[in-house]
Amino acid sequence: MKTQCQKERDIALSPFITDIFVPLCDAEGMFVPLQCFEHDTYGKQCWCVDSSGQEIKGTRMDNGTAPECGECKQTSNFFNRPFYSCGLSYGLVYKCKQGLV
């Protein structure tokens, strides 16, 4: 059975669709934390995604500059509720959707 990343990649690689973002998947079929897309009009953009492939707000960079993306993980238990974050460079931490690991 294919993962969500593999399914999205298969659709994007269809010969009937052109100039569309093709997600990168790792060996296990999961989304690679760093995704990039080169567009004729907008140039190369890179951004970080969470484990479900959703872009992490504030990580998109232009001109082919790649943000340093980390994996989402549980970092604490605040008021008995888990908090998930993605660690990035420069001391920044971006929240992930609750429940993603």
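Colleague: Which residue forms a disulfide with Cys5?

Modeller: Cys25 does, with the two sulfur atoms 2.1 Å apart; a disulfide here is a pair of cysteine sulfur atoms within 2.5 Å. The link between Cys5 and Cys25 is left-handed, at -100° about the S-S bond. Cys5 belongs to helix H1 (residues 4–12) and Cys25 to the loop between H1 and S1, so the pair ties together parts 20 residues apart in sequence. Helices (H or I, at least four residues) and strands (E, at least two) are DSSP runs, numbered from the N terminus.

Colleague: What are the ground rules for the model?

Modeller: This is a predicted model, in which local features need pLDDT of at least 70 and side-chain atom pairs count only at pLDDT 80 or more, while totals for chains, interfaces and linings use all residues. Residues are numbered from 1 along each chain as its sequence is written, and side-chain values use heavy atoms, with hydrogens and water left out.

Colleague: Back to Cys5: buried or exposed?

Modeller: Cys5 is buried, at a relative accessible area of 1%. Buried means under 20% relative accessible area, exposed over 50%, and partly exposed in between (1.4 Å probe, protein chains only).

Colleague: How many disulfides does the count come to?

Modeller: Three. Cys36 and Cys46 form one of them, sulfur to sulfur 2.1 Å, and that link is right-handed with 110° about the S-S bond. It connects distant parts of the chain, with Cys36 in strand S1 and Cys46 in strand S2, 10 residues apart. Cys36 is partly exposed at 24%, whereas Cys46 is buried at 1%.

Colleague: And which residue does a disulfide join to Cys48?

Modeller: Cys69, with an S to S distance of 1.9 Å. Cys48 sits in strand S2 and Cys69 in the loop between S2 and S3, 21 residues apart. Cys48 is buried, at 1% relative accessibility.

Colleague: Switching to Gln35. Where is Gln35 found?

Modeller: In strand S1 (residues 34–39). At 1% relative accessibility, Gln35 counts as buried. Its side chain reaches the backbone nitrogen of Leu24 at 2.7 Å and the backbone oxygen of Val32 at 2.8 Å.

Colleague: Which residues does Gln35 touch, leaving out those up to four places away in sequence?

Modeller: Phe21, Val22, Pro23, Leu24, Gln45, Cys46, Trp47 and Val49. Contact means heavy atoms within 4.5 Å.

Colleague: What sits over the ring of Trp47?

Modeller: The charged end of Arg60, 4.0 Å from the ring centre. The criterion is NZ of Lys or CZ of Arg within 6 Å of the ring centre and within 35 degrees of the ring normal. Trp47 is buried at 6%, and Arg60 is partly exposed at 37%.

Colleague: Which side chain does Arg60 meet in a salt bridge?

Modeller: Glu55, at 2.7 Å, N to O. A salt bridge is a side-chain nitrogen of Lys or Arg within 4 Å of a carboxyl oxygen of Asp or Glu. Glu55 is also partly exposed, at 37%.

Colleague: How many salt bridges in the whole structure?

Modeller: Two. Lys2 and Asp10 form one, with their closest N and O atoms 2.3 Å apart. Lys2 is partly exposed at 44%, as is Asp10 at 37%.

Key. Polar contact = N/O pair within 3.5 Å; in protein donor to acceptor, adjacent residues only side chain to side chain.
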